[in-house]
Number of protein chains: 2
Amino acid sequence: MYKLITTEKSAKRGELHTPHGVIQTPVFMNVGTVAAIKGAVSTEDLENIGTLVQLSNTYHLHVRPGDELIKKMGGLHKFMSWDKPILTDSGGFQVFSLAGLRKIKEEGVYFNSHIDGRKIFMGPEESMQIQSNLASTIAMAFDECPPSVADRSYIQPSVDRTTRWLARCKAEMKRLNELPDTINKNQMLFGINQGGVFEDIRIEHAKAISDMDLDGYAIGGLAVGETHEEMYRIIEATVPYLPKEKPTYLMGVGTPANILEAVERGVDFFDCVYPSRNGRHGHVYTNHGKLNLFNAQYETDTEPIEEGCGCPVCKRYSRAYIRHLLKAKEMLGMRFCVLHNLYFYNNMMKEIREAIEEHRFSEYKRNKLSGFENKN
Amino acid sequence: MYKLITTEKSAKRGELHTPHGVIQTPVFMNVGTVAAIKGAVSTEDLENIGTLVQLSNTYHLHVRPGDELIKKMGGLHKFMSWDKPILTDSGGFQVFSLAGLRKIKEEGVYFNSHIDGRKIFMGPEESMQIQSNLASTIAMAFDECPPSVADRSYIQPSVDRTTRWLARCKAEMKRLNELPDTINKNQMLFGINQGGVFEDIRIEHAKAISDMDLDGYAIGGLAVGETHEEMYRIIEATVPYLPKEKPTYLMGVGTPANILEAVERGVDFFDCVYPSRNGRHGHVYTNHGKLNLFNAQYETDTEPIEEGCGCPVCKRYSRAYIRHLLKAKEMLGMRFCVLHNLYFYNNMMKEIREAIEEHRFSEYKRNKLSGFENKN
């Protein structure tokens, strides 16, 4: 159940009540692809850096260790020792981006595992079954995520099929939630809006899926090659046709600046690999833009990554020490940068929530963006 | 200043008072080669798993980031944010095992850096200067560590040179400790006993260096190829000729069983890469022997690594989850195994100290070894 606490123009400050507790929105989900955040970050660490929701990848977990195994272990929460909400993606995006040779048919997608090449079939029902085995808090609908360069003649039939798939997802999720041995019998389901960069297709699709009364709605297929301006235009065009009394999730986005722009346009949920991926490469976020800690200028810099930052790394370690660890290829250097970056994102979302509550989000956003100096 | 609290036969329970606090012995030093424990383990983690002393490698830090840089940063303690004692090795062992083509002369050793091949010279004075720059709590004397297969005709002149080098180390350390810009003006110096597997050479050398009134004495050149029985024989023969009122350090040793045997023979200090190296390969220590978490039998094992273990990993995560992380090559899996293993070693040393205090070390050792079933 989503509760809209307050708004500032289109920006929403909400709460999603789930079987695993309340999610305060806008929120950034920390991406733990294979039931772990890359960079040696544990669930205990996530508790310490203010993570409210984790995202795990259905396709990865299906191929290893297997969703059946995770079900046997009592579900993803128990498996990784995390009692707050988890959202799982549908597996669709990974199938389309990672897996080998694939055939899309009405029933679903045939493809080869990226691990061992074995043939796998995944359709809406299979995706729901896997996510039900994982027992995540929120399951995502199985959709096709078409290439960003696809033209209308490809996008329209793809979106139509995604709508038919959504109906099958909903029916299957209902059936699974009623089975006696289902772990999470209140698993929520979010639908996904598609339509490439074509506003009219996006809007028609948004209307169609809004009628289906799901627990939330995502905007998919963005941040896959189009410009930021195109992305903002699509969000601005689409969000008004998604139910305001449900959470909105912008999938796979993005930079801190992207998030600020999307919050302003009414988005509640975000996820992105940037903070962990950038951290593993020694790129760290600050309120004055991203720093590359490999740079020689930090060699004897006794300052923390960011003065005043409340993360466990900035409280104790210097840029010079972290740079040394990165140069020496010590895992600890990556861990430090990932911890800092995830904290930076989580903390920015906290600041965003407070700003909307106090109806000063526009000002907050303007100050934050000008601080970044186009470096975040 | 070393204080002998009590003994049980040859086993010693002591305290070494240092400028960075008291070290309770027997103690296991956690090896942080380049000012970091491999496996993404931070100084904060070490505080949480009961680490009393860290060991850092002089040679590694000399080539990267450089001891001059660390001096500029206020010394190793400040650089890595660790206020308890640190022991640095002399660099000698690494020069002999890692560096390229080398020439040993009376003045020291000429060799090539393993990083960039550049020519480096290191003699007793250079080793002391580097360690003084690092500002460790305890510096080790610069010695030659001869190959374990070397015969008497090689060992005797090598040991004689090591004795002459020790006198130069002592003089240089005294000079450095009196310089105005030295960070740790009370840096301690341990001498190193050598002599291969020849008891008479070991004993003569032990007598010679005991006369030099150093802060502690190490037994070097063991665990480099000889059998465990040979190693125990050499320790047993040598320790009686080292001063009892000074700490004894068995360098680079070893397995939990090795440590129990050496404590019984009067050793105070240990260091070894086994717990971290084994951890990175998914091999974890328990009181019933080492487990290989890659084994299929742990696939759905909901138990912690060891029931009742007080480490931060066993309190929360299952063997099945850690195995999954290791299989998926997630750094987090390695971090968990290293944390557990270091805790296991630190905790065993704590148990050893308590057992000697209560004069039940023999019984403790017997029980512990029989639990290991030759698997530790």
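**Entry 1: the axis**

I began by asking which residue of chain B comes closest to the rotation axis. I found B:Ala40 there, with its C-alpha at 3.4 Å. I note for the record that this is a predicted model.

Next I laid chain B on chain A: a turn of 180° does it, with a shift of 0.0 Å along the axis and an RMSD of 0.0 Å. That is the relation of a two-fold axis. The two copies use the same surface, and 100% of the contact residues of chain B recur in chain A.

**Entry 2: where the chains meet**

I then looked up the contact between the copies, where 32 residues of chain B touch 32 residues of chain A. Which elements of chain B give two or more residues to this side? My list reads α3 (67-72), α4 (76-80), α12 (319-327) and α13 (331-357). The largest share comes from α12(B), with 5 residues. Sorting the side of chain B that touches chain A by class, I got 17 nonpolar, 6 polar and 9 charged residues.

**Entry 3: α12 and α13 in chain A**

I turned to the helix pair within chain A. Helix α12 (residues 319-327) packs against helix α13 (residues 331-357) at an angle of about 130°, and their axes are 7 Å apart. I therefore class α12(A) and α13(A) as oblique to each other. Their crossing is left-handed.

Which residues make this contact? From α12(A) I wrote down A:Ile322, A:Leu325 and A:Leu326, and from α13(A) A:Leu332, A:Gly333, A:Phe336 and A:Cys337. By class, the contact of α12(A) with α13(A) has 6 nonpolar residues, 1 polar and no charged.

**Entry 4: the sheet of chain A**

My last stop was an open sheet of 3 strands in chain A, with the order β1-β2-β3 and antiparallel pairing. Its edge strands are β1 (2-8) and β3 (21-25), each of which pairs on one side only. Ignoring direction, I see neighbouring strands turned by 10° against each other on average.

I also checked how β1(A) pairs with β2(A) (residues 11-18): the sense is antiparallel, over 6 bridges. What stands opposite A:Thr7? I found A:Lys12, in β2(A).

Finally, I came back to α13(A) from the sheet side. This helix lies across β1, β2 and β3 of chain A and runs at about 115° to β2(A).

How values were computed:
Residues are numbered from 1 along each chain as its sequence is written. Chains are lettered from A and ligands numbered from 1 in the order in which they are written. This is a predicted model: local features need pLDDT of at least 70, side-chain atom pairs count only at pLDDT 80 or more; totals for chains, interfaces and linings use all residues. Copies are superposed by least squares on the C-alpha atoms of residues with pLDDT of at least 70 in both. Two residues are in contact if their C-beta atoms, placed from the backbone, lie within 7 Å. Axes are lines fitted to C-alpha atoms, for helices over the stretch in contact, and angles run from 0 to 180 degrees between N-to-C directions. Helices (H or I, at least four residues) and strands (E, at least two) are DSSP runs, numbered from the N terminus. Angles under 35 degrees count as roughly parallel, over 145 as roughly antiparallel, 65 to 115 as roughly perpendicular and the rest as oblique. A crossing is left-handed if the near helix is turned anticlockwise from the far one by less than a right angle, and right-handed if clockwise. Ala, Val, Leu, Ile, Met, Phe, Trp, Tyr, Cys and Pro count as nonpolar, Asp, Glu, Lys and Arg as charged, and the others, Gly among them, as polar. Two strands pair if DSSP finds at least two bridges between them.
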